[in-house]
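Open your viewer and get ready to select a few pieces in turn. We will start with the helices and finish with a single side chain.

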Amino acid sequence: MKSSFDEKLMEAVLGEAVTELLEARETVTWHALLDKLHIKVNTTADPHRLQASTQAIEHIRNEMRLRLASAEKTEDAALISSSCSKAD
């Protein structure tokens, strides 16, 4: 289980990445966030921030997987519904 400190630091690192994108007037996307976080992983010397950046990357990847699975279920449901209505 993650400690409160670890969780807060991960959220802070994630917030910094979002802020950097906004300040650069870049679009905030999953992939842009991952790119910023990978830069943080490759440039930080602080072991706590390195761990937080790595956890943020995993958090983003998990969220992407969940959203993709949800979208696929929605698409499948729409296809099934569409197929059923065409059969009537």
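Helices (H or I, at least four residues) and strands (E, at least two) are DSSP runs, numbered from the N terminus. Axes are lines fitted to C-alpha atoms, for helices over the stretch in contact, and angles run from 0 to 180 degrees between N-to-C directions. You are looking at a predicted model, where local features need pLDDT of at least 70, side-chain atom pairs count only at pLDDT 80 or more, and totals for chains, interfaces and linings use all residues. Residues are numbered from 1 along each chain as its sequence is written, and side-chain values use heavy atoms, with hydrogens and water left out.

Of its 88 residues, 20% count as buried (under 20% relative accessible area, with a 1.4 Å probe, protein chains only).

Next, select residues 4–23 (helix 1) and 30–43 (helix 2): their axes come within 9 Å and cross at roughly 115°. Now show the side chains where they meet (contact means heavy atoms within 4.5 Å).

For the last stop, pick S53, which sits in helix 3, residues 47–87. Is S53 buried or exposed? Its relative accessibility is 2%, so S53 counts as buried. Show what surrounds S53: leaving aside neighbours within four places in sequence, S53 is in contact with V13, L37, K40 and V41.

Conventions: Buried < 20%, exposed > 50% of the residue type's maximum accessible area, 1.4 Å probe, protein only.
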